[in-house]
Amino acid sequence: MSTLAKGLRFDDSMMWVELMDGRQLGVPLAYFPRLLDAAPQQRGDYVISGGGAGIHWDALDEDISVEGLLAGRGDLTARHRMAA
């Protein structure tokens with residue numbers, strides 16, 4: 001059974017994902033530079049996609065999978081840029 005998102009909130013340094021099974025997952029914004037650098041209004045302009053499998057920010061060109069969050073993965077594009 002896959003774990004799905006049903007809500008999202010932010011504080012100064014964290015993104016909090018509310019999961020359908022009742023858990024809350026805290027992820028440091030530092031894992032996602034686009035979200036870290038975004039204004040609070042931009043962070044709040046998201047869509048839960050794929051029935052809860054992901055979170056999408058159109059204006060920020062950011063897509064995050066719940067599966068990736070649970071696996072501890074951050075922004076993979078940033079890692080690829082650093083390695084280049």
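Reader: Quick one to start. Is Asp61 buried or exposed?

Author: Asp61 is exposed, with a relative accessible area of 55%. Keep in mind that this is a predicted model.

Reader: Where is Asp61 found?

Author: Asp61 sits in the loop between β5 and β6.

Reader: And what is phi of Asp61?

Author: Phi of Asp61 is near 55°. That is a positive value in a residue other than glycine.

Reader: On to charges. How many salt bridges does a search of the whole structure find?

Author: Three salt bridges turn up in the whole structure.

Reader: Which residue pairs with Glu62 in a salt bridge?

Author: Arg34 does, and the closest N and O atoms are 3.7 Å apart. This pair links distant parts of the chain, 28 residues apart. Glu62 is in strand β6 (residues 62–65), while Arg34 is in helix α1 (residues 33–37).

Reader: Is Glu62 buried or exposed?

Author: Glu62 counts as buried, at 4% relative accessibility. The cut-off for buried is under 20%.

Reader: What does Lys6 form a salt bridge with?

Author: Lys6 pairs with Glu18, and the closest N and O atoms are 3.6 Å apart. Lys6 lies in strand β1 (residues 5–10) and Glu18 in strand β2 (residues 14–19), so the pair ties together parts that are twelve residues apart in sequence.

Reader: What is the relative accessible area of Lys6?

Author: Lys6 has a relative accessible area of 49%, which makes Lys6 partly exposed. Glu18 is partly exposed too, with a value of 30%.

Reader: One pair left. Which side chain meets Arg23 in a salt bridge?

Author: The side chain of Asp21, at 2.8 Å from N to O. Arg23 is partly exposed, with 42% relative accessibility. Asp21 is partly exposed as well, with a relative accessible area of 47%.

Reader: Let's zoom in on Val17. What does Val17 touch?

Author: Leaving out residues up to four places away in sequence, Val17 touches Ala5, Gly7, Leu8, Arg23, Gln24, Leu25, Ile55 and Leu69. One of these, Arg23, is in the salt bridge with Asp21.

Reader: Now pockets. What is the volume of the largest pocket?

Author: About 180 Å³.

Reader: Which residues line the largest pocket?

Author: The lining is Phe32, Glu62, Asp63, Ile64, Ser65, Gly68, Leu69, Arg73, Gly74, Asp75, Leu76 and Thr77. Glu62 is also the salt-bridge partner of Arg34.

Reader: Which element supplies the largest share of the lining?

Author: β6 does, with four residues. The elements that give two or more are β6, α3 and α4 (76–83).

Reader: Last one. How do the residues of the lining divide into nonpolar, polar and charged?

Author: The lining of the largest pocket has four nonpolar, four polar and four charged residues.

Key: Residues numbered from 1 in each chain as written. Predicted model: local features only at pLDDT ≥ 70, side-chain atom pairs only at ≥ 80, totals over all residues. Heavy atoms only, no water. Salt bridge = Lys/Arg side-chain N within 4 Å of Asp/Glu carboxyl O. Buried < 20%, exposed > 50% of the residue type's maximum accessible area, 1.4 Å probe, protein only. Contact = heavy atoms within 4.5 Å. 1 Å grid on protein atoms, 1.4 Å probe; cavity = no way out; pocket = protein on both sides within 12 Å on 5 of 7 lines; lining within 4 Å. Points joined across faces, edges and corners; volume = space filled by probe spheres on them. Nonpolar A, V, L, I, M, F, W, Y, C, P; charged D, E, K, R; others polar.
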